[in-house]
Amino acid sequence: KVDLDPELGPIFHRRIHGEWGPHLDTMVRFWSAVLLREPGYQGQPPVAHRAIEELTPAHFGRWLALFRETMHEIFQPSVAEQLALRATGIAKMLSTAVFGRPWDAA
């Protein structure tokens with residue numbers, strides 16, 4: 001969904017050049033650490049996101065909408081909402097770390 005998204009897709013394309021495999025591996029390790037407390041993630045998400053010049057707080061809101069939509073397609077509603085709540089916290093934390101404020105979720 002991110003790949004095809006008119007707002008987020010171009011940002012990713014400029015960085016991963018269609019090579020989703022390594023990025024997906026990183027995302028799986030990240031979310032496994034966040035959601036399942038599994039070891040293995042070694043990255044620094046705020047540092048990585050600060051390096052994206054065209055990134056805006058609104059992009060975190062857009063990403064979260066896609067994440068929430070996907071979770072509801074994959075999981076039962078109660079599980080999907082729990083995952084979406086965790087993702088909301090991550091998005092707010094990253095937006096605050098990068099921009100000094102969370103995106104305007106209103």
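This is a predicted model: local features need pLDDT of at least 70, side-chain atom pairs count only at pLDDT 80 or more; totals for chains, interfaces and linings use all residues.

Trainee: Where do K1 and E73 sit in the chain?

Mentor: K1 is in the segment before α1 and E73 is in helix α4, 72 residues apart, so the pair links distant parts of the chain. As for the surface, E73 has 54% relative accessibility, so it counts as exposed.

Trainee: And is K1 buried, partly exposed or exposed?

Mentor: K1 is partly exposed, with a relative accessible area of 40%.

Trainee: OK, what about R68? Which residue does R68 pair with?

Mentor: R68 forms a salt bridge with E81, and their closest N and O atoms are 2.8 Å apart. E81 belongs to helix α5 and R68 to helix α4, so here the parts tied together are 13 residues apart in sequence.

Trainee: How many salt bridges does the structure hold?

Mentor: Seven. There's also a network of salt bridges that links R14, R15, E53 and E54.

Trainee: Let's switch to pockets. How big is the largest pocket?

Mentor: Its volume is about 1,100 Å³. The lining of the largest pocket is made up of 34 residues.

Trainee: Which residues lie nearest the centre of the largest pocket?

Mentor: Look for F12, H23, M27, W31 and W63.

Trainee: And which helix gives the largest share of the lining?

Mentor: α2 does, with nine residues of the lining of the largest pocket. α1 (9–16), α2 (20–36), α3 (45–50), α4 and α5 each supply at least two lining residues.

Trainee: Buried or exposed?

Mentor: H59 counts as buried because its relative accessibility is 13%, and buried means under 20%.

Trainee: What does H59 touch?

Mentor: Leaving out residues up to four places away in sequence, H59 touches E7, L8, I11 and E54.

Trainee: New topic, then. Which residues form a nonpolar patch on the surface?

Mentor: I74, F75 and V79 do, and together they have about 260 Å² of accessible area.

Trainee: Where does V79 belong, and how exposed is V79?

Mentor: V79 is in helix α5, which covers residues 77–99. V79 is partly exposed, with a relative accessible area of 38%.

Trainee: Now the loops. Which residue has a phi near 50 degrees?

Mentor: H17, and that's a positive value in a residue other than glycine. You'll find H17 in the loop between α1 and α2. At 60% relative accessibility, H17 counts as exposed.

Trainee: What's the phi of R37?

Mentor: Near 60 degrees, again a positive value in a residue other than glycine. R37 is in the loop between α2 and α3, and R37 counts as exposed at 67% relative accessibility.

Trainee: What about G40? Where is G40 found?

Mentor: G40 is also in the loop between α2 and α3. G40 is partly exposed, with a relative accessible area of 39%.

Trainee: Last one: how far apart are G40 and F30?

Mentor: In sequence they're 10 residues apart, and in space they're 8.1 Å apart, C-alpha to C-alpha.

Methods. Residues are numbered from 1 along each chain as its sequence is written. Side-chain values use heavy atoms; hydrogens and water are left out. Patches are made of residues with over 30% relative accessible area and no salt bridge: like charges are joined within 9 Å, nonpolar side chains (Val, Leu, Ile, Met, Phe, Trp, Tyr) within 5 Å. Accessible areas come from the Shrake-Rupley method with a 1.4 Å probe; for residues, only the protein chains shown count as cover. A salt bridge is a side-chain nitrogen of Lys or Arg within 4 Å of a carboxyl oxygen of Asp or Glu. Helices (H or I, at least four residues) and strands (E, at least two) are DSSP runs, numbered from the N terminus. Buried means under 20% relative accessible area, exposed over 50%, partly exposed in between (1.4 Å probe, protein chains only). Contact means heavy atoms within 4.5 Å. On a 1 Å grid over the protein atoms alone, a cavity is a set of points where a 1.4 Å probe fits but cannot get out, and a pocket is an open set with protein on both sides within 12 Å along at least five of seven lines; lining residues have an atom within 4 Å of a point. Grid points are joined across faces, edges and corners, and a volume is the space filled by probe spheres set on the points.
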